Amino acid sequence: MNNTLKVSKYLFRDFKNALLIFYGIILAIAVLMAALFLNVISQESGNASFGGFGFSAFIFLFVSGLNCFKANFKFLQANNISRKRFYYANIITLLSISAFMALIDASMTKVLKLIMPYEDIVEQLYKNDLFFSSFIWSFALFTLAASAGWCITMLYYKCDKLMKTIISFAPVLLVILLVMLNNVTEGALGISIIKSLTVVLGFTNNNPYTAALSFLVATAGVLGLCYLLIRRIAIKD
Amino acid sequence: MSIIEIRNVTKDYGNTKALSDISLTFEPNKIYGLLGRNGAGKTTLLNLMTNKIFPNQGNITIDGDIVLENDKALNNIFYMVEKNMYPENLKVKEIFRWTKEFYPLFDAEYANALAKKFELNVNKKVKSLSTGYTSIFKAIIALASNANIIIFDEPVLGLDANHRSMFYKEVISNYSENPKTIIISTHLIEEVETVLEEVIIIKEGKLIVKKPVEELLASAYMISGEASKVDEYLRGKNYIEEDVMGKFKSVTVMDNINHKNEALAKELNLDFSKAELQKLFISLTN
């Protein structure tokens, strides 16, 4: 096994317990939902529908991304692993876990649909219940979530206190700026942003693959930024 | 066999110059002592040698390969860092296992034997180890790594006298069985003196001494006896340290041991002895 895969193996170890706990909870909720539907709802109105596991996986991966830098970087530095190798190993790990979770999510949707009226996010947004499109869409979104988390934590690690404060307030300032610009342009900015999002997320033609492509392009951009951040990152106490 | 070459390395932290134009070579299979007062730049130098931080100028090579982001070069070094960089929720034995992944020559059997010798419980999590046992645990990993170059930064931090003595003996035994380059950065100079072959002293970011220990010790000697007679001997001589106990006085004279005036010492009933590295260090870095 080459060193990059060995580093990946170490990074997977970090995810193992968190994944087990996460899917333990998801499984318990799924069983509860199925029991609730079979025993109560189906006998009364039969109009309820379920969904949202994909969103939990998205949050899980974002938080995991936030947690997978500092301790791992320190341990790998203790073992004299270069930043470059850590970077590639982390990409392998995040992509693999995203693919695994997307596969579980798409498979679970199919199974739950057999028991109760369950709709995953892709079906709710695009009226498309194909396994493959659900998998690809989720995979692309999960990858973006994990990469974004990783990038943010690295940014915080690299910056001093002042820069951390600036970064923390930047999203709020951006929203205020956008609102002001929207007022100045009498709503034109807001409309063009919504139109652009509708196109890049594939809502114009109900195409989840357009959104998946947009997520993957965004992921590539985030990982590019991660590379710029990690290549000269120094060890801190 | 690995040669570390440091060429014109400078490192700044903002307006502070941590290292200034350092050039030196670590030859293979020697035990070096890296000495300097607090903030002299020892840890900065070690961090630069192991790609933990980046120099502002200059370069560092191992067997001709630049260290910067170079896994091949970095694989030759094991650096026991003063701070704990290991995940606190992992057990000692798990860290041994993971070290083996990254250092294929890591000798797990030797690591376990050392753990037993130092009474380190390998089933304990890193977070539950005391300061002393954290040092022992890190030192064991370094000794068992079988890397060509092993660097210890404050290896005996928190260790009791017994464990410190065991550690120095283990370093010598490890080196005798499998010669390698060992660099020890420490403040406990008196204890480590007998282990070292060569000494490197850094003062305010500059290299001031790189000499074999014997050569450095030969540049001074101690004279002791009745205080008034010692003072008589010292007339016109350069000396650095005075220890007075009642009428008895002991002084380190900064002169080559071959230049000592044995006839005068005999006449005054004074005794010569070897200079101590720590006293020379204090004099050189003050």
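Biologist: In which kind of crossing does α3(B) pass α5(B)?

Modeller: A crossing is left-handed if the near helix is turned anticlockwise from the far one by less than a right angle, and right-handed if clockwise. In this predicted model, α3(B) passes α5(B) in a right-handed crossing. Helices here (H or I, at least four residues) and strands (E, at least two) are DSSP runs, numbered from the N terminus.

Biologist: At what angle do the axes of helix α3 of chain B and helix α5 of chain B cross?

Modeller: Two packed helices are described by the angle between their axes and the distance between the axes. Axes are lines fitted to C-alpha atoms, for helices over the stretch in contact, and angles run from 0 to 180 degrees between N-to-C directions. The axes of helix α3 (residues 92-102) and helix α5 (residues 131-144) of chain B cross at roughly 25 degrees and come within 11 Å. Angles under 35 degrees count as roughly parallel, over 145 as roughly antiparallel, 65 to 115 as roughly perpendicular and the rest as oblique. Therefore α3(B) and α5(B) are roughly parallel to each other. V92(B), I95(B), F96(B) and T99(B) of α3(B) make the contact (heavy atoms within 4.5 Å) with F137(B), I140(B) and I141(B) of α5(B). Six of these residues are nonpolar, one is polar and none is charged; Ala, Val, Leu, Ile, Met, Phe, Trp, Tyr, Cys and Pro count as nonpolar, Asp, Glu, Lys and Arg as charged, and the others, Gly among them, as polar.

Biologist: How many helices and strands are there in chain A?

Modeller: Chain A has nine helices and zero strands. Its C-alpha trace spans about 60 × 55 × 30 Å along its principal axes.

Biologist: At what angle do helix α2 and helix α4 of chain A pack?

Modeller: Helix α2 (residues 53-67) and helix α4 (residues 83-115) of chain A pack at about 165 degrees, and their axes are 10 Å apart. Therefore α2(A) and α4(A) are roughly antiparallel to each other. Their crossing is right-handed. From α2(A) the contact includes F53(A) and F60(A), and from α4(A) it includes M101(A) and D105(A). The contact residues comprise eight nonpolar, two polar and one charged.

Biologist: At what angle do the axes of α4(A) and helix α6 of chain A cross?

Modeller: The axes of α4(A) and helix α6 (residues 131-158) of chain A cross at roughly 140 degrees, coming within 8 Å. The two helices α4(A) and α6(A) are therefore oblique to each other. Their crossing is right-handed, and its contact residues divide into 15 nonpolar, seven polar and two charged.

Biologist: What is the area buried between chain A and chain B?

Modeller: The size of an interface is often given as the accessible area lost when the parts come together. Here it is the accessible area (1.4 Å probe) that two parts lose on being put together, summed over both. Between chain A and chain B about 2500 Å² is buried, with carbon and sulfur atoms giving 53%. In chain A, F75(A), N79(A) and N80(A) lose the most area to chain B, together 26% of what that side buries.

Biologist: How many salt bridges does the rule find across the interface of chain A and chain B?

Modeller: A salt bridge is a side-chain nitrogen of Lys or Arg within 4 Å of a carboxyl oxygen of Asp or Glu. Three are found across this interface. One salt bridge pairs E69(B) with R83(A), with the closest N and O atoms 2.9 Å apart. Another pairs D71(B) with R85(A), at 3.1 Å between the closest N and O atoms. D71(B) lies in helix α2 (residues 71-74) of chain B and R85(A) in helix α4 of chain A, so the pair joins two chains.

Biologist: Which conventions apply to the predicted model?

Modeller: Residues are numbered from 1 along each chain as its sequence is written, while chains are lettered from A and ligands numbered from 1 in the order in which they are written. In this predicted model, local features need pLDDT of at least 70, side-chain atom pairs count only at pLDDT 80 or more, and totals for chains, interfaces and linings use all residues; side-chain values use heavy atoms, with hydrogens and water left out.
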